[in-house]
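Here is a friendly briefing to read alongside the model. Take a look at the structure first, then walk through the points below.

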Amino acid sequence: METGKAEAGKVLFKALFEKESFSEEETNRRIELARSQDYWRQLNPQLNVCADLTFDDFEKDALTNNEIDDMLGKLGREGYFSTQAPLIRKEITDRMLLGVENLRKAGWHEVWAFVYDEFWQVTRTPSMLRLLSAHLGKGFMAMPHVVVHYVCPEKGSGWSPHVDFYDRHDRFTVWFPLTDATIDNGCMYIIARHRVSDTLLVKWLNMEDLSHREVKNLLQSTRALPVPAGSILSWKGDVIHWGTISSKNVEPRVSLSVVYIKENTPPLPDEVPLLSPVEVPDFSTRLMSVAKAIKYYKIHVLSLNKFSAIAHELLTAYKENRIA
Ligand SMILES: [Fe+2]
């Protein structure tokens, strides 16, 4: 019976996958488009591609040293923090949001937004660099796989409850909303880390059944984290978190997230090449990064699977130094 269900699931997945896949011709067309900086500029003229501009005006108000101390204090105590007010100006997040919508209309997954300068620069503002280096040390680095989340109204949801890293330490996730993340459109929820005993966390990670008392404890330790567009939300690798299922008649919940690694921490094979958290990468590195994200996250995000062949070609070209 169970075997029958599993087989039926595989058949259904295969049928869905084939229905959603690009033809070989379309895959080849998109590989050529992906390599063209001019194509991306035409698709989103309000954004930049390797424009070599100075981006010193992204921040609405710089974070003060006291604010950074408070945020890192909360991170140490409870495993997470958020800014209460937007750090990034709305004009910037609005341009980025339009970019995400235009990508979707053109049949691209929103992770392709990382071809644009703004998606790299928004994580490299002076306040961000001060905050991250205070927590991770001056030699901290950024992971190559980046991600953009798009939660559609009503049917969409964020990822179900999980921790980002259970088998590796000193990794740190930062989440940037491009729209207001609200209770109704699927904002993030976390369980405060100091409320989860190590024993309970191990049970959770091992997918063991929990007692009624343990479930009550977890539910009551939950924090809803609605945040405005342009703010920052962040959590440690062993914090349980998720995005809820969206309601009707709300705007989509759109955000990007980046993972950092502490200074002097050796990366694992699936985390290389680490990127500078200060410099904006060149175009070929951006394509590599998008391709790595597709490969890394496609098991969780099924809509990434149709870009697998494109990602494979771009990663091969990057290794062979074939991307201009
Ligand atoms: Fe996560």
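Not counting residues up to four places away in sequence, valine 100 touches Glu110, Ala113, Val148, Tyr150, Leu178 and Val254; contact here means C-beta atoms, placed from the backbone, within 7 Å. This is a predicted model, in which local features need pLDDT of at least 70 and side-chain atom pairs count only at pLDDT 80 or more, while totals for chains, interfaces and linings use all residues. Residues are numbered from 1 along each chain as its sequence is written.

- Valine 100 sits in helix α5 (residues 90-105); helices (H or I, at least four residues) and strands (E, at least two) are DSSP runs, numbered from the N terminus.
- Valine 100 is buried, because 27 other C-beta atoms lie within 10 Å. A residue is called buried at 20 or more such atoms, exposed at 12 or fewer, and partly exposed in between, with C-beta atoms placed from the backbone.
- Tryptophan 204 is 104 residues from valine 100 in sequence and 35 Å from it in space, C-alpha to C-alpha.
- Leaving aside neighbours within four places in sequence, alanine 113 is in contact with Gly99, Val100, Leu103, Phe119 and Val148.

**The nonpolar core**
- The largest nonpolar core has 72 residues, and Val111, Ala113, Phe114 and Val290 have the most contacts inside it.
- Helix α10 (residues 283-297) gives the most to this core, with six residues.
- A nonpolar core is a set of buried Ala, Val, Leu, Ile, Met, Phe, Trp, Tyr and Cys residues joined through C-beta atoms within 7 Å.
- In soluble globular proteins, nonpolar side chains tend to be buried together.

**Strands β3 and β9**
- Five of the five residues of strand β3 (residues 147-151) are buried, so β3 is largely enclosed by the rest of the structure.
- Both faces of β3 are covered, with Val147, His149 and Val151 buried on one side and Val148 and Tyr150 on the other.
- Seven of the nine residues of β9 are buried, so β9 too is largely enclosed by the rest of the structure.
- β3 and strand β9 (residues 253-261) run antiparallel and are joined by five bridges; strands count as paired if DSSP finds at least two bridges between them.
- Within that pairing, valine 148 stands opposite leucine 256 in β9.
- Strand β4 (residues 171-177) is joined to β9 by seven bridges, again antiparallel, and arginine 171 has isoleucine 261 of β9 as its bridge partner.
- Strand β2 (residues 141-142) is joined to β9 by two bridges, also antiparallel, with methionine 141 opposite isoleucine 261.

**Helix α7**
- The buried residues of helix α7 (residues 126-136) are Ser127, Met128, Leu131 and Leu132.
- These residues cover an arc of only 120° around the axis, which puts them on the same side of α7; the arc is that of the directions from the helix axis to the C-beta atoms.
- The buried residues of α7 pack against α4 (65-78) and β9.
- Glycine 137 follows α7 and has a positive phi, near 90°.

**A three-stranded sheet**
- An open sheet of three strands has the order β6-β5-β8, with antiparallel pairing.
- Its edge strands are β6 (222-225) and β8 (241-243), each pairing on one side only.
- Four bridges join strand β5 (residues 188-191) to β6, and isoleucine 190 has arginine 223 as its bridge partner in β6.

**Confidence**
- The mean pLDDT of the chain is 91, and 93% of its residues reach 70 or more; pLDDT is the predictor's confidence in each residue, from 0 to 100.
- Confidence is lowest in helix α1 (residues 2-20), at a mean of 61, and highest in helix α3 (residues 37-43), at 98.

Terms used
Contact = placed C-beta atoms within 7 Å.
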